[in-house]
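Please read the following report alongside the sequence and the model.

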Amino acid sequence: MKIALLGYGKMGKVIERIALERGHEIVLKKDESNTYDGLSTADVAIDFSVPTAAVANISSAFHANVPVVSGTTGWLEHFDEMVALCNEKQGGFISSSNFSLGVNIFFELNEYLAKIMSQFDSYKVTMEEIHHTQKLDAPSGTAISLAKGVIENSNYANWTMDEAKNNEIHIEAKRIGDVPGTHTVTYESIVDSIELKHTAHNREGFALGAVIAAEWLAGKKGIYSMKDVLNLK
Ligand SMILES: NC(=O)C1=CN([C@@H]2O[C@H](COP(=O)(O)OP(=O)(O)OC[C@H]3O[C@@H](n4cnc5c(N)ncnc54)[C@H](OP(=O)(O)O)[C@@H]3O)[C@@H](O)[C@H]2O)C=CC1
Ligand SMILES: O=C(O)C1=N[C@H](C(=O)O)C[C@H](O)C1
């Protein structure tokens with residue numbers, strides 16, 4: 001496939017290496033300074049940029065009739081707009097806060113545990129995410145996805161980074177060194193704790209998942225998620 005990289009930072013460079021290893025061609029490496037020249041020749045655009053650029057990048061791809069795999073986080077208040085544009089252009093779109101196989105398995109475990117724990121008032125759930133000090137957004141998109149997974153399968157109504165009310169999930173965001181991404185979901189009672197934890201050792205899993213998602217999306221129209229790609233529905 002011909003791939004346009006929208007965002008050529010830490011993730012873009014790992015995605016480039018994995019894509020080339022899998023026999024793909026990179027037709028555009030867009031950073032803040034250059035244009036979208038070459039985008040329309042791509043079979044797919046992979047966006048790992050910054051929260052303030054994702055909407056313009058994704059929109060540009062849909063207007064160029066190029067399907068999009070977006071991993072950028074911190075822009076999801078505009079998600080519905082991008083879905084509407086994708087449908088208007090009859091495009092293809094996969095957005096995920098985390099493309100790694102391990103985290104998507106973690107998402108399933110999180111939802112399963114939330115269903116079980118919703119029966120027991122004696123436990124309170126909290127979340128912690130740890131990332132590198134260069135990360136622009138907080139909490140992480142993965143942590144927000146985890147919180148949504150609990151909310152959809154329990155009596156919790158919202159998440160917060162402040163002190164949580166009874167029906168809220170507290171998310172603690174820590175920024176330490178060059179940590180790739182560690183997420184912990186904890187259910188605490190007065191007698192014990194139950195913890196789910198995912199630790200990324202590097203960015204390989206995120207990048208491989210994004211390239212596999214791009215390969216899966218080829219020729220498809222519509223809005224999909226990693227649940228579709230990994231057949232986890
Ligand atoms: N879904 C997933 O699996 C994962 C998602 N992410 C997310 O991906 C995003 C990128 O992460 P990461 O690669 O580590 O971050 P980086 O900061 O290393 O890379 C982002 C790049 O985007 C560039 N950029 C800035 N403006 C634009 C623009 N208008 N168009 C294109 N590129 C632009 C930046 O350039 P400059 O530095 O000059 O501003 C930078 O090189 C983040 O939102 C992060 O949360 C990260 C890992 C996994
Ligand atoms: O910025 C990062 O590095 C990461 N961001 C994503 C997120 O916000 O969840 C995914 C991963 O945790 C790495």
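## Conventions

A polar contact is a pair of N or O atoms within 3.5 Å; within protein, one of them must be able to donate a hydrogen and the other to accept it, and residues adjacent in sequence count only if both atoms are side-chain atoms. This is a predicted model, in which local features need pLDDT of at least 70 and side-chain atom pairs count only at pLDDT 80 or more, while totals for chains, interfaces and linings use all residues. Residues are numbered from 1 along each chain as its sequence is written, chains are lettered from A and ligands numbered from 1 in the order in which they are written, and side-chain values use heavy atoms, with hydrogens and water left out.

## Ligand 1

Ligand 1 has 22 residues around it, and the closest are Lys10, Met11, Thr73, Phe99 and Lys135; a residue counts as near a molecule if one of its heavy atoms lies within 4 Å of it. By class, this shell divides into 7 nonpolar, 10 polar and 5 charged residues, where Ala, Val, Leu, Ile, Met, Phe, Trp, Tyr, Cys and Pro count as nonpolar, Asp, Glu, Lys and Arg as charged, and the others, Gly among them, as polar.

Nitrogen atoms of ligand 1 take part in several polar contacts: one is 2.9 Å from a polar backbone atom of serine 96, one is 3.2 Å from a backbone N or O atom of glycine 71, and one is 3.4 Å from a polar side-chain atom of asparagine 57. The protein covers 77% of the 910 Å² of accessible area that ligand 1 has on its own, as computed by the Shrake-Rupley method with a 1.4 Å probe.

## Ligand 2

The residues that surround ligand 2 include Thr73, Ser97, Asn98, Pro180, His183 and Phe206, and by class its shell has 2 nonpolar, 9 polar and 1 charged residues. Oxygen atoms of ligand 2 lie 2.6 Å from an N or O atom in the side chain of histidine 131, 2.7 Å from an N or O atom in the side chain of lysine 135, and 2.9 Å from a polar backbone atom of glycine 141. Of the 320 Å² of accessible area that ligand 2 has on its own, the protein covers 86%.

## The largest pocket

On a 1 Å grid over the protein atoms alone, a pocket is an open set of points where a 1.4 Å probe fits, with protein on both sides within 12 Å along at least five of seven lines, and its lining residues have an atom within 4 Å of a point.

About 820 Å³ of space lies in the largest pocket, a volume being the space filled by probe spheres set on the points, which are joined across faces, edges and corners. Of its 36 lining residues, the closest to the centre are Met11, Phe48, Ser49, Val50 and Thr72. The elements that give two or more residues to this lining are α1 (10-21), α5 (141-151) and β9 (181-188), with helices (H or I, at least four residues) and strands (E, at least two) taken as DSSP runs numbered from the N terminus.

## Backbone features

The peptide bond from alanine 138 to proline 139 is cis, with omega near 0°, and proline 139 lies in the loop between β6 (124-131) and α5. Asparagine 65, in the loop between α2 (54-63) and β4 (68-70), has a phi near 55°, a positive value in a residue other than glycine.
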